[in-house]
Amino acid sequence: MDNEKFIDSFRGYQTTGNWLMDLNPLTKLNIALATGFISMLVRDWKFGIVVCVIYFLIAAYVKKLKGFTKSFMAAFVVLGLFTVFVRLISNRGEGNVVFSILGWNWTDVALQKGFDMAFFIVGFAGPIILFFLTTPMKDLTYACEKKGVSATVSYVILVSFKTITELGKSASTILDSQKSRGIETDGNVFVRIKALLPIISPLALSAISYTEEKTIAMDARAFSVTTPHTHLRELKPSAGYEKWLGLFFDLLLVGTVVIKIMGII
Amino acid sequence: MSEYIELKNVTYNYPLTKRPSLDSVNCHFEEGKVYGIIGENASGKTTLCNLVRGLIPFFYNGELEGEVLIDGKDVREWDEAELSVKIGYVFQNPFTQISGVKDTVFEEVGIGIENLGMPKEEMIQKIIEVCRLLKIEELIQKNPLELSGGQCQRVSFASIIAMDSKIIVIDEPTSQLDPEGTKDVFEIIQLLKEAHKTIILVEHKVDLIAKYCDEVVVMSKGTVVMQGSTHEVLSSDRLFEYGAPIPQAAILGHRMTEAGKRLDRIPITNEEAVELIRKRGGNEVWQSN
Ligand SMILES: Nc1ncnc2c1ncn2[C@@H]1O[C@H](COP(=O)(O)OP(=O)(O)OP(=O)(O)O)[C@@H](O)[C@H]1O
Ligand SMILES: [Mg+2]
């Protein structure tokens, strides 16, 4: 992109062209949380499968299928299957035996409870993963600032996220250089921890002096000024229907809670 | 008012320290001049900057005695935010001065003026203007976290300059830069000088102080031991006693005096030295080799 065009891009609103992606970050968060809570409340693997299919369709629609699949599968395998396993072990008594391994009889009841639990977890994790995939952190803090959160708070949140990734990067750089000097860094957990220990303290120390200098530098950039700040990068003000969309999901959640309390599901 | 900043008998201790980092400091800075601050390590140069910038007492607590007048008003009576806008600050480490939250240099340069609440179109024009001035136009689309030290330092100058502070405090801006980065920084200082900013510059490269500053302040062991015109201060042999850096040309001048070949005056820049030697030695000095 040439500079002219690049500069021009700040004159309008920042959009991706996809209406779902361009929803106000707070509306998106609202919908994601409501959906997540609903599928947690329902806690039924059949419902779980349905909503998860929907999550995948949405991910495909916003062209984030690859990223979503990766994070979703990680959550599913690590958290979901683990709980299935725990359920299987703890519920060995009831129900009909489906199969047995090494003398353990695993029953249909245990399997069903396990899968309910697994979808309970990914049913909630799914929309949250989708939310973070479709919403850059800076858009979220921007929306919060518009709601009155101070620029300093949003700066601290943003810079913490960035710092964690940057620290991770410098840790791996140091590990790499240690490796090239012949220090063992691969292998089991203990080998890794032993390799990491000597670099943690300098990293932590540099992070402290970094914080002080950063504070001074940002103070010099008028962060303590309390007049309303402006934004070079602006998001579209949320359209009228967005409020209704959010409200719709909130009502669905309330409805689910009511049904749950009444004992229908 | 021409007396912009004035320190009267200022003594300051950082929290939990016994020895004061500033001890009975007296000095003054006038509007529109460029001040160089020199002195050995730990002589209190950065502390003086922190004080003038208002970081003492607002950021660092500790004990502050004496008077620090900024525009005639004591620093303690200033509004912290107002002071942070009036007095810009650029310092040593180029990388910690990058906000780390902006994706492009263009946005990074705008970070201060966003906080000042400047309307968007005005902001865009301002950023373009400053980037052009500091010759960083070709960087505007780059990720600030991927810049070299010299580029980072130019970008931090740009975000500060965009805010249009009257006074700019600059603490060792080139100590982590290579010669080319140093040259770029001093080009910027020259631009600020032409824009009649008041500049307070801590710098070890005393040859550059000789070239760019109107006045020099010398610090030693937490106090100001000399203040005067650049030539007067840098040509003084008292600098040896204070452990302050001395220009090559001045050392040459002092040596010639010791050797009984006194020049008209002690030079502080190489050009001046050449001129004085030429005058003193007549032609044979130059023709013999
Ligand atoms: N944050 C702090 N807390 C406590 N003491 C400090 C702090 N910063 C500086 N000092 C002390 O104050 C004295 C003056 O330090 P200062 O950093 O002002 O010196 P300087 O002239 O800038 O040195 P340098 O040339 O190394 O940058 C030193 O003795 C130092 O140890
Ligand atoms: Mg210093």
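The UniProt annotation "transmembrane region", from an unreviewed entry, covers residues 45–62, 71–90, 110–133 and 244–264 of chain A, while an unreviewed entry also places the feature "domain: ABC transporter" at residues 5–246 of chain B. UniProt positions follow the numbering used here, feature names are shortened, and annotations may be inferred rather than shown by experiment. This is a predicted model, in which local features need pLDDT of at least 70 and side-chain atom pairs count only at pLDDT 80 or more, whereas totals for chains, interfaces and linings use all residues. Residues are numbered from 1 along each chain as its sequence is written, and chains are lettered from A and ligands numbered from 1 in the order in which they are written.

**Annotated spans**

- Residues 45–62 of chain A are 94% helix and 0% strand, with end C-alpha atoms 25 Å apart; helices (H or I, at least four residues) and strands (E, at least two) are DSSP runs, numbered from the N terminus.
- Residues 110–133 of chain A are 100% helix and 0% strand, and here the end C-alpha atoms are 34 Å apart.
- Residues 5–246 of chain B are 37% helix and 25% strand, and the end C-alpha atoms of this span lie 26 Å apart.

**Where the chains meet**

- The contact between the chains involves 34 residues of chain B and 32 residues of chain A, two residues being in contact if their C-beta atoms, placed from the backbone, lie within 7 Å.
- On the side of chain B that touches chain A, at least two residues each are supplied by helix 3 (80–86), strand 6 (87–90), helix 5 (111–115), helix 6 (120–133) and helix 7 of chain B.
- By class, that side of chain B has 16 nonpolar, 13 polar and 5 charged residues; Ala, Val, Leu, Ile, Met, Phe, Trp, Tyr, Cys and Pro count as nonpolar, Asp, Glu, Lys and Arg as charged, and the others, Gly among them, as polar.
- S84(B), found in helix 3 of chain B, is in contact with D219(A), A220(A), A222(A), S224(A) and G54(B), leaving aside its neighbours within four places in sequence.
- S84(B) is buried, with 29 other C-beta atoms within 10 Å; a residue is buried if 20 or more other C-beta atoms lie within 10 Å of its own, exposed if 12 or fewer, and partly exposed in between, with C-beta atoms placed from the backbone.
- The C-alpha atoms of S84(B) and L55(B) are separated by 8.7 Å, although these residues are 29 residues apart along the chain.

**Nonpolar cores**

- The largest nonpolar core has 97 residues, of which A158(B), I200(B) and L201(B) touch the most other members; such a core is a set of buried Ala, Val, Leu, Ile, Met, Phe, Trp, Tyr and Cys residues joined through C-beta atoms within 7 Å.
- Helix 7 (residues 149–162) of chain B gives the largest share of this core, 7 residues.
- Another core, of 24 residues, lies apart from it and includes A32(A), A34(A), V84(A) and F119(A).
- Not counting residues up to four places away in sequence, A158(B) touches V109(B), V130(B), C131(B), L134(B) and I136(B).

**Surroundings of ligand 1**

- Ligand 1 is surrounded by Y14(B), T17(B), S21(B), G39(B), N41(B), A42(B), S43(B), G44(B), K45(B), T46(B) and T47(B), a residue being near a molecule or strand if its C-beta atom, placed from the backbone, lies within 6 Å of it.
- This shell divides into 2 nonpolar, 8 polar and 1 charged residues, and its largest share, 3 residues, comes from helix 1 (residues 45–52) of chain B.

**Domains of chain B**

- Chain B is divided into domain 1 (3–235) and domain 2 (247–281), with bounds that come from an automatic or database domain assignment.
- The centres of domain 1 and domain 2 of chain B, taken over C-alpha atoms, are separated by 33 Å, and the contact takes 7 residues from domain 1 and 8 residues from domain 2.
- Helix 9 (206–212) and helix 10 (230–234) of chain B are the elements that give two or more residues to the side of domain 1 that touches domain 2, and helix 9 gives the most, with 4 residues.

**Backbone details in chain B**

- A cis peptide bond, with omega of about 10 degrees, joins I56(B) and P57(B), and P57(B) is found in helix 2 (residues 55–58) of chain B.
- L16(B), a residue other than glycine, has a positive phi near 65 degrees; L16(B) is found in the loop between strand 1 (3–13) and strand 2 (22–30) of chain B and is exposed, with 7 other C-beta atoms within 10 Å.
- H196(B), also a residue other than glycine, has a positive phi near 60 degrees; H196(B) is found in the loop between helix 8 (179–194) and strand 8 (198–202) of chain B and is exposed, with 11 other C-beta atoms within 10 Å.
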